[in-house]
Amino acid sequence: MLLVNTLMYIYLSFVLYFTLMPIIVELPFILNHPYTPMNMVPFIDVMMERGDFVKQVVLNVVMTMPFGFLFPLTRKKGAGFFITVFFCFMMSLGIELLQPLIGGFRSSDVTDLITNVIGGMLGYVLYVLFKPVTFMILDHMKRKT
């Protein structure tokens, strides 16, 4: 249990680091810039072929796959698909709402929210597929200590 929780904490630390850092402004002036509203048009970058949209979509999916895999392992009785997806959605929504607040150079996008949730779903599918192997490894590690 300690190993799984530690992995989850490390994973969440990296997610927060890569999505919310660096905070360029000084702390007293952190909210002293105009707020850019969230883009509510899903996949507009993909439709308009702006920037490296494929990379952004893939990275957002990959970023939350570990959440979908690790979250059920952190719960004593496990977590079902909908609970895992709900918490993945809430984490992603929190990040997307905070990004424009901490610096004028960040923005939030509904596409990121959608792709993050898809990543959590895929992570949960991997959890279900590898559950027997994962529990066998964890049980083996528990017996060794």
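From the N terminus on, the elements of the protein run α-α-α-α-α. The protein has 5 helices and 0 strands, where helices (H or I, at least four residues) and strands (E, at least two) are DSSP runs, numbered from the N terminus. This is a predicted model, in which local features need pLDDT of at least 70, side-chain atom pairs count only at pLDDT 80 or more, and totals for chains, interfaces and linings use all residues. Residues are numbered from 1 along each chain as its sequence is written, and side-chain values use heavy atoms, with hydrogens and water left out.

### Burial and contacts

Of the 145 residues of the protein, 33% count as buried. Here buried means under 20% relative accessible area, exposed means over 50%, and partly exposed lies in between (1.4 Å probe, protein chains only). A contact requires heavy atoms within 4.5 Å. Among the contacts with a separation of 6 or more, 78% are between residues 24 or more positions apart.

### Helix α3 and its surroundings

Helix α3 covers residues 53-74. The expected span of a helix is 1.5 Å times one less than its number of residues. The 22 residues of α3 should therefore span 32 Å, and the end C-alpha atoms are 33 Å apart, which agrees. Several residues of α3 are buried, including Asn-60, Val-61, Met-63, Phe-67 and Leu-73. Against which helices do the buried residues of α3 pack? They pack against α1, α4 (81-98) and α5.

Two residues of α5 illustrate the relation between α5 and other parts of the chain. Thr-134 is found in helix α5 and is buried, with a relative accessible area of 13%. Not counting residues up to four places away in sequence, Thr-134 touches Phe-69 and Leu-73. Ile-118 is also found in helix α5, but Ile-118 is partly exposed, at 34% relative accessible area. The C-alpha atoms of Ile-118 and Val-62 are separated by 9.2 Å, although these residues lie 56 residues apart along the chain.

### Aromatic pairs

Rings of Phe, Tyr and Trp (its six-membered ring) pair if their centres lie within 6.5 Å; planes under 30 degrees apart count as stacked, over 60 as edge-to-face and the rest as tilted. By this rule the count comes to 9 aromatic pairs. The rings of Phe-69 and Tyr-127 have their planes at 85 degrees and their centres 6.2 Å apart, so this pair is edge-to-face. The pair links distant parts of the chain, since Phe-69 lies in helix α3 and Tyr-127 in helix α5, 58 residues apart.

Phe-81 and Phe-82 form another edge-to-face pair, with 5.3 Å centre to centre and 80 degrees between the planes. Phe-81 counts as partly exposed, at 28% relative accessibility, while Phe-82 is exposed, with a relative accessible area of 68%. Ring pairs link Phe-69, Phe-81, Phe-82, Tyr-124 and Tyr-127 into a cluster.

### Pockets

Rolling a probe the size of a water molecule over the atoms shows where empty space is left. On a 1 Å grid over the protein atoms alone, a pocket is an open set of points where a 1.4 Å probe fits, with protein on both sides within 12 Å along at least five of seven lines; lining residues have an atom within 4 Å of a point. Grid points are joined across faces, edges and corners, and a volume is the space filled by probe spheres set on the points. For the lining classes, Ala, Val, Leu, Ile, Met, Phe, Trp, Tyr, Cys and Pro count as nonpolar, Asp, Glu, Lys and Arg as charged, and the others, Gly among them, as polar.

| Pocket | Volume | Lining classes |
|---|---|---|
| Largest pocket | About 570 Å³ | 9 nonpolar, 10 polar and 6 charged residues |
| Second largest pocket | About 390 Å³ | 10 nonpolar, 2 polar and 5 charged residues |

The largest pocket is lined by 25 residues, of which Gln-56, Asn-60, Glu-96, Gln-99 and Asp-112 lie nearest its centre. The elements that give two or more residues to this lining are α1 (2-20), α2 (44-47), α3 (53-74) and α5 (110-144). Helix α3 gives the most, with 6 residues.

The second largest pocket is lined by 17 residues, and Met-1, Val-4, Phe-135, Leu-138 and Lys-142 lie nearest its centre. Helices α1, α3 and α5 each supply at least two residues of this lining. Its largest share, 7 residues, comes from α5.
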